[in-house]
Amino acid sequence: MRYLPLTDEDRRAMLATIGVGRVEDLYRGVPSAALLDKPVDLPAHAGEIEVERRIRRFAARNLGASSAPFFLGAGNYFHHVPASVDHLIQRSEYLTSYTPYQPEISQGTLQALFEFQTQVALITGMEIANASMYDGATACAEAALMACRVARRDRIVLSGGLHPHYRDVTETSARFMNIEIAALPADVSGNEDASATIDADTSCVIVQNPDVFGRVRDYSALADACHAKGALLVVVVNEIVSLGALMSPGDMGADIVAAEGQSLGNPMSFGGPHVGLFAVREKFLRQMPGRLCGETIDADGKRGWVLTLSTREQHIRREKATSNICTNSGLCALAFTIHLTLLGEAGFTRLAEVNHAKASVLAKKLGSLKGVELLNDTFFNEFTLRLPKNATEVVDALAKRDILAGVPGGRLFPKDKGLANLLLVAATEMTTDEDMDRLADGLTEVLK
Amino acid sequence: MTVSFTTTGNRGLDLEEKLIFEQDKAGRTAVDLPDVPAHDNRLGVAKRKKAMGLPGLSEPQVVRHYVRMSRNNYAIDAGIYPLGSCTMKHNPRLNEKMARTPGLADLHPLQPQSSVQGALALMDELAHWLMTLTGMPAVALSPAAGAHGELTGLMTIRAALEARGDARKVVLVAESAHGTNPASAHMCGYEVESVPGTEGGRVDLAALKKRLGPDVAAFMITNPNTCGLFEDDIVAISAAVHDAGGFVYCDGANFNAIVGRVRPGDLGVDAMHLNLHKTFSTPHGGGGPGAGPVVLSKALAAFAPLPFVVKDGDGFRLVETEEQSGAQPYGRMKGFNGQFGVFVRALSYMMSMGSDGLRQASADAVLNANYLRERLQNALSLSYPGPCMHEVLFDDRFLAETGVTTLDFAKAMIDEGVHPMTMYFPLIVHGAFLIEPTETESRASLDQLADLMLGLVAKAKAKEVEFFKASPTLTPRRRLDETRAARSPVLRWSPPAPKLAAE
Amino acid sequence: MAALKYTDQHEWVAVEGDVATVGITDYAQGQLGDVVFVELPDEGKSFAMGDQAAVVESVKAAAEVYAPISGKIVEINEALNDKPELVNEDSTGDGWFFKIEIDDESELDSLMDAKEYKEFVKGLE
């Protein structure tokens, strides 16, 4: 048991110091009927060799993105993570430290968070950002609850372009808070105008850009419509790389931005852990959930950083807190900020350009296949195809050919049978010409 | 004020580091990307037209930046981190290696299920370990952290009560609870009422019984509790709550004391979250990510949130909709499938420890805490007499008349090269010192902690107030001005105002 | 100005005509420590005696401030938005919170006078 430093001799000596005979004597408060006298029925301890073997056996039964032509998106994207990111986040001082409650010995994490908050504010075009949420979907739900606090209203409008998981998580969060949700139908046509749905009880409209079908929109007019009626505009971004090419939500007039940051620095990892980004206008600061890092000086007058404005948080405010969030996504936020620092303005813009170009080439190629229709007029790195048959069956058939083709409409919108033939396809800087050819050929074959 | 002797402001290995924004050269990047192929622009009207203002650095600068900053952090890999209630134990590197295995790290959550059978099997295996260790029949894996698990557990309870026809109004919370408990109950639409404790630091069973009634949805208890004590009335508490038609929620933050020795399912618990980033050794990462799976009793199992994994013939199926579930899931807590990367790490740890190792670990955690209790109890003020579980609680009575506070004492510990214990929590004692050494500390490490604390007690008794008020003095930064940070918040870097041209 | 009256929630009240000025006591500011933020009620809003009317925050704590008597808010101390430290520096002077138009003068009778409040605080220590 390589993780346990005490020897039997230590244990005996320590029990003697304490003045008890057996460690069980220290469990004397436990009802005796509940105290187990032998190990539970699970395998005994194992060395690294054996554990690696057992875990790799699980891995061997999967087909990963690095082993196949890969085109899935819908909120998680397969991007390259520079080698130095994984090296740096595994430094002990970042990986194995706690939340920076003792700022004198946590300046590394705090400075990184301050830079993270600044970067998130810059790319979203917002004034301030927090130190991260769990993921994009929970950030979206927190944005909805925050909008209700700010506007002192309790109705939320969800665009039909919002990712269904984000919609579901937001609905679940609102369900027991007496908040009314108006979820608009899936917006396949791209003609949705949510402004007509804003009434005097509406706290916010939540839209996504690019939307779940990949379409890019300018929400400036919707922002004006929201503000004219005293509501907030929440913009969700689920492919953060898109901000390297697109007008920022802040420039469109968003009041809150809730985003998924996985694309920078973090592997898809079957859906988590990822990092929720949360940015707002400064006037809403006090209603913001989550941790914040702020600049200050130390006793010698040197610049330093601390967690601040914590009176909004649960450990002080308890049931009156802005959220119950405590542990967030510190290390994923660190991976995000390191990757974005490596990219810089030039690299981030270039990365977005490459993504868009690859998707554009792929869309043209697939859209020209017989029976396949490209639905999008605009897109960033993901678009929607209408296939002549059920897309889930097509995806399953292509998976048998070791091609991971995209996300079928039926997976995201299981109740909406009209969307069953839709296929969401994404390309990133990882997508090669050969991958595109294999998908086009495979699709042709399967649709024959 | 300390005098700086160097031109750079550095002090040997203690290095100053500017912000990335102060190292910017426009156009520079540390990532070489593929060429942009010829393509039609399909971005439309929302194409970006102005710069963002991100700084440009090269790879060596970026690496150096984060390495230099990292040296300003304390970490469990560097020394004892006895934060009560946080279970800062050793984080095995094997876990990190396993989470990065191709075929696990590079899976997309919406891949065809035929292509991710190993991942689903891994989740099922983790669920099996968690259910076996807790003696509970079901588990919801998706919550992202402890507080998220609390909310999940309470929502499951609420859904079960609604199905019975009455969601009820009130959640009772033990007085010594973590702040997340009342915050989670509030987010679940409940009023929160506090249940007082006894002189002995446990829940007052009589007061609880008096308050229970048809309006009470659940009682939230932490066991072992935040005073480091086992709630010895737990079976009677559960029975009383159940008799009143309510549910028992157990905050599992302190599960590390009893893993492999006591199963919460045998104590009448209906729902309990497990902090995989505490009990099961996944790294805290400077504030996450964690994972907070919630084990559920039979009465609650049918209401667990989506998604979840079920066995299906020889394989596994991921249930993502109510229709597929054959149950009454109340909703969805998180995008996709939960903190899968944390699951891999936790399973790697559990397999390494095994049923025998986990049982030894909890015993060692309790032994280490009691050893510290024994070594410190005559010098510090022990809040509750007798043995503790995996953490020991002292308060600041021993500092009375010294002019030194708990905070001062903690800051002086920092100069001794250790991370301080949890301070000022739980709130039910004055100036709390909550010490949780964990099982991964050696006896020598515990002795060193005890010795340095005894040394500081002597200094405090000698009224060396100035020494304490000035601490820490050996850290990259001394005490930081938190009032200034909160009064005029500076939450992001801004470019310096352009200087006026000299005359 | 008449002598100050006090509540058991550590608010003070100074009555002038039909308007009462409200703030928190020196004892309260001392317990809170450095005040960093004060959330004041909207002007024109009415409160019943004992309703939460404002929030005062220090670095490590937050406290609700209750309306000591029923009435309508007629003025708030905007200076606290920029200088919350006034609450520490001059709690019964420049650190006042709001002025409230008195609905029912008889409510004032239930408040403590300076001597009673002093005794009350002594009992807490």
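Modeller: Gladly, and let me start in chain A: the bridge partner of Val237(A) in strand S6(A) is Ala259(A). Please keep in mind that this is a predicted model.

Biologist: What makes S5(A) and S6(A) a pair of strands?

Modeller: Two strands pair if there are at least two bridges between them. S5(A) and S6 (residues 256-260) of chain A have four bridges, in the parallel sense, so they meet that cut-off.

Biologist: Which other strand is joined to S5(A), and by how many bridges?

Modeller: Strand S4 (residues 202-208) of chain A is joined to S5(A) by five bridges, and these two run parallel. Within this pairing, Val205(A) has Leu233(A) as its bridge partner.

Biologist: What makes you call S5(A) largely enclosed?

Modeller: A residue counts as buried if 20 or more other C-beta atoms lie within 10 Å of its own. In S5 (residues 232-237) of chain A, six of the six residues are buried, so the strand is largely enclosed by the rest of the structure.

Biologist: Which residues of S5(A) point one way, and which the other?

Modeller: Leu232(A), Val234(A) and Val236(A) point one way, while Leu233(A), Val235(A) and Val237(A) point the other way; all are buried.

Biologist: Which strands are joined to S2(B)?

Modeller: Strand S3 (residues 191-195) of chain B is joined to S2(B) by five bridges and runs parallel to S2(B). Here Val173(B) has Ser194(B) as its bridge partner. The chain gets from S2(B) to S3(B) through helix H5 (residues 180-187) of chain B, in a right-handed β-α-β crossover. Strand S4 (residues 216-222) of chain B is also parallel to S2(B), with four bridges, and Phe219(B) in S4(B) is the bridge partner of Leu172(B).

Biologist: What are the domains of chain B, and how far apart are their centres?

Modeller: Chain B is divided into domain 1 (94-350) and domain 2 (354-475). Their C-alpha centres lie 30 Å apart. The contact takes 19 residues from domain 1 of chain B and 18 residues from domain 2 of chain B. On the domain 1 side, eight of these residues are nonpolar, nine polar and two charged.

Biologist: And how is chain A divided?

Modeller: The domain assignment gives domain 1 (8-53), domain 2 (65-81 + 343-447) and domain 3 (83-339). The centres of domain 2 and domain 3 of chain A are 27 Å apart, taken over C-alpha atoms.

Biologist: How do you know that domain 2 and domain 3 of chain A are in contact?

Modeller: Two residues are in contact if their C-beta atoms lie within 7 Å. In chain A, 32 residues of domain 2 are in contact with 30 residues of domain 3. H11(A) provides the largest share of the domain 2 side, eight residues. That side divides into 17 nonpolar, eleven polar and four charged residues.

Biologist: What about chain A against chain B?

Modeller: That contact takes 169 residues from chain A and 175 residues from chain B. Helix H11 (residues 330-367) of chain A gives the most to the chain A side, with 24 residues. The chain A side consists of 87 nonpolar, 48 polar and 34 charged residues.

Biologist: Last one, chain C: how do you know that its radius of gyration agrees with a compact globule?

Modeller: For 125 residues, a compact globule would have a radius of gyration near 14 Å, and chain C has 13 Å, so the two agree. Chain C has four helices and nine strands, and 38% of its residues count as buried. Of its contacts with a separation of 6 or more, 62% come from residues 24 or more positions apart.

Note on methods: Residues are numbered from 1 along each chain as its sequence is written. Chains are lettered from A and ligands numbered from 1 in the order in which they are written. This is a predicted model: local features need pLDDT of at least 70, side-chain atom pairs count only at pLDDT 80 or more; totals for chains, interfaces and linings use all residues. The radius of gyration is taken over C-alpha atoms; the globule rule is 2.2 Å times the number of residues to the power 0.38. A residue is buried if 20 or more other C-beta atoms lie within 10 Å of its own, exposed if 12 or fewer, and partly exposed in between; C-beta atoms are placed from the backbone. Domain bounds come from an automatic or database domain assignment. Ala, Val, Leu, Ile, Met, Phe, Trp, Tyr, Cys and Pro count as nonpolar, Asp, Glu, Lys and Arg as charged, and the others, Gly among them, as polar. A crossover is right-handed if, with the strands pointing away from the viewer, the path from the first strand over the helix to the second runs clockwise.
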